[in-house]
Amino acid sequence: MAMLKDISDCPSTTIVDGLSRQIIAEMNNAIPGVLIDCSDLNISINSLQFPFLQLPAKQALARAIQARGTRMRINSAYRTCAQQFLLRRWKEKGVCGIAQAALPGKSFHESGLALDIPDVSGWKPFLQTQGWVHVGQNLPGDPFHFEFRGRGIQIIGNVGIQGFQKLWNKNHLSDRIDDDGIYIQGGDTDRRLQISPSQGFGATERGTTQRILRLASPLMQGGDVLRVQKKLRQLTPPLLANDRDVDGFYGPKTEAAIRQFQTNQGITVDGVIGLETYQKLGV
């Protein structure tokens, strides 16, 4: 695990997946349902990317896909402020070949209103008919970028910034910052993003950092998964039905059990074991 300021070897922005999922959970608490999963459409997207859009953008995308009648390949859709922070930092340092990157909070990706797709010429007429604008044609180095400019949208990059601020404050009671949704380079939020852990926040009693556990490919495995499964098995009623489900692999049954546990506890239901879920589980 690394702090964001130390990530400089040009990996994918999915390296901050754990932190990003915690930020998204805070956003969903602030504006329930503002980000809609679009993976049920006829699309192909990397499993570590976030297939989220605002509802009007998803509906317009669905119409474009139906009109063309073929599967759309997507390189990038929703992006958190942590991911945007990395892109902007790499751009400013002149590494990773990043030609365009807005400041955190300012990208349409952070509002669930942008897509990067490789087949620009094939999709452009279908997307433009539905309110998607090929902004990439005016962005040197980023020709794949489309933004939805139709009706009924919200610009919510500030909500993502505020989500991070609230997340930071929950985990740093003696080092709180304003949760005003404002990001300024060199400011309090910028400095805290720089020293945030890529896997997200979560401390054990011994002060070490716990992994953010979730369904992934390949499956996450280890003693931390096993401890969670044992706890789920011991609950009354048990949320894992059989001893054979306690195998140390975070598979679909474990995710389903965690979702049920989160529902029972009245906390964010995302199937991801972060700080709040660890605390409720007591492991």
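At 27% relative accessibility, C96 counts as partly exposed, and in this predicted model C96 is joined to C10 by a disulfide whose sulfur atoms are 2.1 Å apart.

**Cysteines**
- A disulfide is a covalent bond between the sulfur atoms of two cysteines.
- C10 lies in the segment before helix 1 and C96 in the loop between helix 3 and strand 5 (114-116), so the bond ties together parts that are 86 residues apart in sequence.
- The link of C10 and C96 is left-handed, with -95 degrees about the S-S bond, and C10 is partly exposed, its relative accessible area being 39%.
- C38 is buried at 1% relative accessible area, and its sulfur is too far for a bond because the closest cysteine sulfur, in C81, is 20 Å away.
- C81 is in no disulfide either, since the nearest cysteine sulfur, that of C96, is 19 Å away, whereas a disulfide needs sulfur atoms within 2.5 Å.

**Nonpolar cores**
- The largest nonpolar core has 29 residues, of which L4 and I23 touch the most other members.
- Helix 1 (17-30), helix 3 (81-93) and helix 5 (157-171) each give two or more residues to this core, and helix 3 gives the most, with six.
- Leaving aside neighbours within four places in sequence, I23 is in contact with C81, A82, G160, F164 and L167.
- Another core, of 23 residues, lies apart from the largest one and includes A57, A114, I117 and V120.

**Surface patch**
- L215, L219 and F249 form a nonpolar patch on the surface, with about 220 Å² of accessible area together.
- L215 is found in the loop between helix 6 (188-194) and helix 7 (223-234), and counts as partly exposed because its relative accessibility is 31%.

Technical notes. Residues are numbered from 1 along each chain as its sequence is written. This is a predicted model: local features need pLDDT of at least 70, side-chain atom pairs count only at pLDDT 80 or more; totals for chains, interfaces and linings use all residues. Side-chain values use heavy atoms; hydrogens and water are left out. A nonpolar core is a set of buried Ala, Val, Leu, Ile, Met, Phe, Trp, Tyr and Cys residues joined through side-chain atoms within 4.5 Å. Buried means under 20% relative accessible area, exposed over 50%, partly exposed in between (1.4 Å probe, protein chains only). Helices (H or I, at least four residues) and strands (E, at least two) are DSSP runs, numbered from the N terminus. Contact means heavy atoms within 4.5 Å. Patches are made of residues with over 30% relative accessible area and no salt bridge: like charges are joined within 9 Å, nonpolar side chains (Val, Leu, Ile, Met, Phe, Trp, Tyr) within 5 Å. Accessible areas come from the Shrake-Rupley method with a 1.4 Å probe; for residues, only the protein chains shown count as cover. A salt bridge is a side-chain nitrogen of Lys or Arg within 4 Å of a carboxyl oxygen of Asp or Glu.
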